[in-house]
Amino acid sequence: MINTEKENPRMPYRPIIGITMGDAAGVGSEIIMKSLAQQSVYEFCRPLVIGDASRLKLAATLIGGKPPAVRTIEAPEQAHYEFGTVDCIDLGLVPPDLPFGELSPIAGNAAFHYIERAVKLASQEQIDAICTAPLNKEALHAGGHKFPGHTEMLAFLTGTPEVSMMLVAHQLRVIHVTTHIGLLDAIARIEPGLVARTIERADLTLKRAGIAAPRIGVCGINPHAGEGGLFGRGEEAEKILPAITLCRARGIDVEGPLPADTLFFRAGRGDFDVVVAMYHDQGHGPVKVLGVEHGVNITVGLPVIRTSVDHGTAFDIAGKGIVDERSMLEALRQGAVLATVRRH
């Protein structure tokens, strides 16, 4: 990896985090500038924005206080990584008069190319991790890129056949068996092999993050996890239980299928290190209740590290300088931790 920072045993390693700007009509540029206006970020990572410098400069005028300057560069080795100046690989894809809060195919196309450049840099080991600001799925499609979201796009760009979405908020971690598909399609797609691979990805990810023996709880699909066949059509016995049996035989500490409502309560009090949710809303709901400003989205199974904010483009408040940047700050911290663990 190209690394401009010399190793110092008395100082923690600061990984290079490539921050993609997301949809330029949304709050991405504002949460980036608000986050990088905090000196503490530079103590645990070296942030590098991939986006449009003109949009960052505009965001700087909106956030108040004393915002950092924006410095345009072409490659990571040109960055200074110093508090007070935001280094930006400027793709120059967004016109200066692009309005905030409005759906734009230009912004959707630009969001794709920010990610594409970040994946290339990460694959070449010029950056240690990717941290993404939110994009708008409708704008992404209007811009000609037919992906359900970041997760699927990153899988395509890295040539990864299967990945999982993990959400983290406070002490709660949730990994999903299925994500951006309808509920009926999700139930049809769930099968023992997919469930087992999701459990294994959760186990490996937490071990890489420093948890030696992760405790994993697996949700059922139906109320009360089917109540012994009283609810549903036997999905727990057919689709989930064989995967749990297989993973236990491989030495993984996994329990289930369990009723989702009590499982999330138990995970919240510390009985489990991660919950395996069967579908999007089953996993997202409990995390969102804890507050989107604390949530982080981690894509599990990629050859590169990727974290993200756990909120959308917030078109209703974009351009007003009032967005909460705490989810971005936490996503940067999580990316730095994962990158540092991988390095060592």
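Start by selecting Leu56. This is a predicted model, and in it Leu56 touches Met21, Ser29, Ile32, Met33, Val49, Val70, Val86 and Cys88, leaving out residues up to four places away in sequence. Keep those neighbours on screen for a moment, and then colour the largest nonpolar core. That core has 92 residues, and Leu56 is among the members that touch the most others, along with Ile32, Ile199, Ile216, Val218, Met278 and Met328. Which helix gives this core its largest share? Select residues 105–123: helix α4 supplies ten residues.

Now widen the selection around Leu56 to helix α3, residues 53–60. Here Ala53, Arg55, Leu56, Ala59 and Ala60 are buried. Look down the helix axis: these residues cover an arc of only 160 degrees, which puts them on the same side of α3. To see what covers them, show α1 (28–36), β2 (46–51), β3 and β4, which are included in the cover.

**The sheet**

Switch to a cartoon view and pick out the strands. Twelve of them form an open sheet with mixed pairing, and the order to follow across it is β3-β4-β2-β1-β5-β12-β11-β6-β7-β10-β8-β9. Where are the edges? They are at β3 and β9; each has a single partner strand, so one side of each is left without a neighbour in the sheet. As you step across, the twist averages 25 degrees from one strand to the next.

Zoom in on residues 296–300 and 306–309. These are strands β11 and β12, which pair in the antiparallel sense over three bridges. Within this pair, Ile298 stands opposite Thr307 of β12.

Next, select Asn297, which sits in strand β11. Is Asn297 buried or exposed? With a relative accessible area of 9%, Asn297 is buried. Leaving aside neighbours within four places in sequence, the contacts of Asn297 are Met165, Met166, Leu167, Arg306, Thr307, Ser308 and Val309.

**Salt bridges**

Side chains of opposite charge can pair when their charged atoms come close. The structure holds 13 salt bridges, and we will visit a few.

Select Asp87 and Arg71 first. Their closest N and O atoms are 3.1 Å apart, in a salt bridge. Asp87 lies in strand β4 (residues 85–90) and Arg71 in strand β3 (residues 69–73), so the pair ties together parts that are 16 residues apart in sequence.

Move on to Arg250 and Glu200, whose side chains meet in a salt bridge at 2.2 Å, N to O. Arg250 is in the loop between α9 (235–249) and β9 (253–258), and Glu200 is in helix α8 (residues 192–208); the pair links distant parts of the chain, 50 residues apart. Arg250 is exposed, with a relative accessible area of 51%, while Glu200 is partly exposed at 25%.

Arg333 is partly exposed at 34% relative accessible area, and Glu330 is partly exposed at 25%. Then show Glu162, Glu191, Arg197 and Arg201 together: salt bridges that share partners join these four into one network.

**Last stop: a loop**

Finish at Phe147, in the loop between α5 (137–142) and α6 (150–158). Phe147 is buried, with a relative accessible area of 15%. Which residues does Phe147 touch, not counting those up to four places away in sequence? Show Phe112, Leu140, His141, Glu152, Met153 and Phe156. If you then draw a distance from Phe147 to Thr160, C-alpha to C-alpha, it spans 14 Å, for residues 13 apart in sequence.

Notes. Residues numbered from 1 in each chain as written. Predicted model: local features only at pLDDT ≥ 70, side-chain atom pairs only at ≥ 80, totals over all residues. Heavy atoms only, no water. Core = buried A, V, L, I, M, F, W, Y, C linked by side-chain atoms within 4.5 Å. Buried < 20%, exposed > 50% of the residue type's maximum accessible area, 1.4 Å probe, protein only. Helix = DSSP H or I, 4+ residues; strand = E, 2+ residues; numbered from the N terminus. Contact = heavy atoms within 4.5 Å. Pairing = 2+ DSSP bridges. Axes fitted to C-alpha atoms, helices over the stretch in contact; angles between N-to-C directions. Arc of directions from axis to C-beta.
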